[in-house]
Amino acid sequence: NNPVSGITIAVLLATAALFLALGLEGNSGVLATLGVASVVCCAACTAGDCSQDLKTGSLIGASPRSQQWAQVIGILVPAFVIAPVLSVLHHAEGIGRGLMAPQATLFANISKAMFKGGEGIPYDMVGWGVFLGVTVLILDHFLKKARSSFRLYVMPLAVGIYLPITLAVPLFLGGLIRYYVNRSKSKENQTAQDKGVLLSSGLIAGEAILGVVLAVFVYNKVNLGLSWIDLNSLFGVGVSLACFAGVAFYLQRLSANSR
């Protein structure tokens, strides 16, 4: 459990308050605050990644020396790869416009609100968010005391509010599939669950890699001879839903055959 968003927002608010007290204003204050928050965000992500990698390596019997060299490579390579990839994506699609970046947009709006007199932040919605968060915590406290199998959590509520609908719906449908698979398979056998996680990871990684490849073509103005309208007509909603149904059916059959 690595709550990077919560850590980053907490650091962002504390840093902004400190810089405001020191007299920073306008864009300089925004850039300084986001710079500090970025360093903390990267550190938290790297710490979580290293912890997961070292734990995984320990489970499969990798030596500490080999794991440490792998970590060094894993830090050096992205340092030279991430910046040009983000630059290509931004010029091809526009990060925050064509490519949605809800977390980054949230951080930017908070910084602007702190240093530019409330610009970009609807405070009535912030108030409603605080009210909903406190209400959920209170209700969950009573559910916990009653030992109810049903619980309420703030994080899914918050994620569901600020993520765009194009991301929230697949997350919800994936959760339903996971719930159904866990109910229908034997508790002693983790085959279906493990393969489902691996399949989902492959879908996420494949979509990301293909997105970068297409962005390279767009950035270099390579004509593929097929417009986005043509792509939509060929691989439209019907085909996408059919593929999704196929994945769901595969996981269901896999869980039903688990012993």
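Of the 259 residues in the protein chain, 17% are buried, where buried means under 20% relative accessible area, exposed means over 50%, and partly exposed lies in between (1.4 Å probe, protein chains only). This is a predicted model, in which local features need pLDDT of at least 70 and side-chain atom pairs count only at pLDDT 80 or more, while totals for chains, interfaces and linings use all residues. Residues are numbered from 1 along each chain as its sequence is written, and side-chain values use heavy atoms, with hydrogens and water left out.

The protein chain has 10 helices and 0 strands, helices being DSSP runs of H or I with at least four residues and strands runs of E with at least two, numbered from the N terminus. Among its contacts (heavy atoms within 4.5 Å) with a separation of 6 or more, 62% join residues 24 or more positions apart. The protein chain exposes about 18,300 Å², of which carbon and sulfur atoms supply 69%; such areas come from the Shrake-Rupley method with a 1.4 Å probe, and for residues only the protein chains shown count as cover.

The structure holds 1 salt bridge, that is, a side-chain nitrogen of Lys or Arg within 4 Å of a carboxyl oxygen of Asp or Glu. It pairs Arg151 with Asp140, whose closest N and O atoms are 2.7 Å apart. Arg151 sits in the loop between α5 (123-145) and α6 (154-162), and Asp140 in helix α5, 11 residues apart. The two partners compare as follows.

| Residue | Relative accessibility | Class |
|---|---|---|
| Arg151 | 27% | partly exposed |
| Asp140 | 12% | buried |
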